[in-house]
Amino acid sequence: MSLLSADWNPLGRDIFYRKYELYSMEWSGQVDLNDFIVAAAPFGGPIALVRDEKKIVKVQGASSKPLISIFSAAGRNISSIKANNGKILHMGWSNAEDLLLVQDDGTVLVYNILEIGRASCRERV
């Protein structure tokens, strides 16, 4: 018989916590996060993935434009974006949940999450 407190971890002196899986990601087995640049929005918001060009992976139907996949916090594919030509150095989310892409030429692309299906983008240099 295992101890009842075996899965609890200490957090300070008299406080304990435990982790348990609520659900598994819907992309389970299909996405290896080691091959992607990942940007997760705060507070359980969307997750953006783009293939890391520094990693060598087998690619089918390659395009000159990077494909950014947008997933829900549970790993369900919401949308995808073909970014402008240019190498993506970094991605992140703003406080307003706009997806920000920084390219190697200094261009910052701003995608509004509510308008991603319409491919709206504002460029900032």
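This report walks through the strands, the sheet and the surface of a predicted model.

A word on conventions: residues are numbered from 1 along each chain as its sequence is written. Since this is a predicted model, local features need pLDDT of at least 70, side-chain atom pairs count only at pLDDT 80 or more, and totals for chains, interfaces and linings use all residues, while side-chain values use heavy atoms, with hydrogens and water left out.

The protein has zero helices and ten strands, with the sequence pattern β-β-β-β-β-β-β-β-β-β. Helices (H or I, at least four residues) and strands (E, at least two) are DSSP runs, numbered from the N terminus.

Four of the strands build an open antiparallel sheet in the order β3-β4-β5-β6. Its edges are β3 and β6, each pairing on one side only; two strands pair if DSSP finds at least two bridges between them. Neighbouring strands here are turned by 20° against each other on average, direction ignored, using axes fitted to C-alpha atoms and angles from 0 to 180 degrees between N-to-C directions. Five bridges join the antiparallel strands β5 and β6, and S69 sits opposite S80 in β6.

| β3 | residues 36-40 |

Turning to the whole protein, 28% of its 125 residues are buried (under 20% relative accessible area, 1.4 Å probe, protein chains only). Of the contacts (heavy atoms within 4.5 Å) with a separation of 6 or more, 28% link residues 24 or more positions apart.

How values were computed:
Buried means under 20% relative accessible area, exposed over 50%, partly exposed in between (1.4 Å probe, protein chains only).
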